[in-house]
Amino acid sequence: MENTSFLRRIDTVEKRMSERGIDCFLVFPSSTIKYLSGYSGKADERLLCLALFPNGDSFIIANKLYEPQVKDIPVKELILWNDGENAMELLFNALRKRGIEKSVIATDKSVPGMFLIPLYNAFPEADIRLGDSLVDDLRVYKDEDEMELMMTACRKAAEALKATIEKGRYWIGKTEAEFMGQLSLEMTNRGLTLPNMIVAVGANAAAPHHITGQTVIEEGKCLLVDFGGKFKNYSTDMTRTFHFGEPCDEFKKVYEIVLEANRLGKEAAREGNLLQDVDRAARGYITKMGYGEYFTHRTGHGIGIDGHEGPSAQEGELTPIKEGMAFSVEPGIYLPGKFGVRIEDQVLMTKTGARILHDFTRELIIIK
């Protein structure tokens, strides 16, 4: 993504700061700093902070180790420090130089306590508050560059799953963790970073957030695969449920119900509707078919830089569906002690309507 995009985003936030009486916005390694600057490093014990001001006198402070990653961030000043220096004092001095003593200081929600508490102590007369409202609503509506990155992420994810599941009966006798490792490799080979997933066999799939472990993939059991990763900071999130050997009639019935709920949820994803309408469409059908109590989570969540971000497709979410929004549609039915089925697609609202970003088949794949 070009620096002009980040400059535009920073400029928008600085204007909002001026309108809302916020004198300084401190952003630490997080999805917020990714959105504003493109920096994608993880938080650690070394101080790294982007500081924005309404007058544009922005700076970033970072350990010299990270100079290659931060030197092109579009700010007025780059402050580098070496191990052994007091980085917090360097930050405080830079803030004092800009008159931040009795000011309104906003921070993003990810600021670690090891940095936040010293900030409170250094500026006891400042009004320190959360500043997520400066950015979060901007992130809901993706621009063309963001849309393209998400499309690419989803295409690569589908390719990775196809390459993994095509091994077929090779997986019988292997563990959930082994499947996860192979799928992670296929994702990494295609340029997707930070692969994460739930791989659940049989009754484990009845726990929507099962922790992947050493359960063995067996004939006669389902395999639920919910996985995501990032392409240049933008996320893909997808779930498919497979079956090894011929499934029982109950599994087939449940699968078809979830498949139809997935279709209805996506059908409700159109401008003029609210996000809760997506949930009502999917949940209403599952409830009508007698399995409402076994659909135990929201129908979807926002997706962007974070794999899970707001707003969500759930009851009570009155956000209108508009161009630029991206969210999942992932109904599921979970029968304790038996099996679970979830089918998840990523939806992107474009000028021409909803675009489904995953082209991997939703029809039941039975591996014989």
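I began with the secondary structure: the protein has 10 helices and 17 strands. The model I am reading is predicted.

Next I looked up the overall dimensions. The C-alpha trace spans about 70 × 45 × 35 Å along its principal axes. For 368 residues, a compact globule would have a radius of gyration near 21 Å, and the 23 Å of the protein agrees with that. I also noted burial: 54% of the 368 residues count as buried.

Then I turned to the backbone. I found a cis peptide bond between Gly310 and Pro311, with omega at about -10°. Pro311 belongs to strand 11, which covers residues 309-313.

Asn233 is not a glycine either, yet its phi is positive at about 85°. I located Asn233 in the loop that links strand 8 (222-231) and strand 9 (234-244). Its relative accessibility is 14%, so I listed Asn233 as buried; the cut-off for that is under 20%.

Last, I looked at surface charge. Which residues form the negative surface patch? I wrote down Glu2, Glu144, Asp145, Glu148, Glu271 and Glu323. I followed up Glu2, which sits in the segment before helix 1 (3-20). Glu2 has a relative accessible area of 57%, so I marked this residue as exposed, the cut-off being over 50%.

Key. Residues are numbered from 1 along each chain as its sequence is written. This is a predicted model: local features need pLDDT of at least 70, side-chain atom pairs count only at pLDDT 80 or more; totals for chains, interfaces and linings use all residues. Side-chain values use heavy atoms; hydrogens and water are left out. Patches are made of residues with over 30% relative accessible area and no salt bridge: like charges are joined within 9 Å, nonpolar side chains (Val, Leu, Ile, Met, Phe, Trp, Tyr) within 5 Å. Accessible areas come from the Shrake-Rupley method with a 1.4 Å probe; for residues, only the protein chains shown count as cover. A salt bridge is a side-chain nitrogen of Lys or Arg within 4 Å of a carboxyl oxygen of Asp or Glu. Lys and Arg count as positive and Asp and Glu as negative; His and the chain ends are not counted. The place of a charge is taken as NZ of Lys, CZ of Arg, CG of Asp or CD of Glu. Helices (H or I, at least four residues) and strands (E, at least two) are DSSP runs, numbered from the N terminus. Buried means under 20% relative accessible area, exposed over 50%, partly exposed in between (1.4 Å probe, protein chains only). The radius of gyration is taken over C-alpha atoms; the globule rule is 2.2 Å times the number of residues to the power 0.38.
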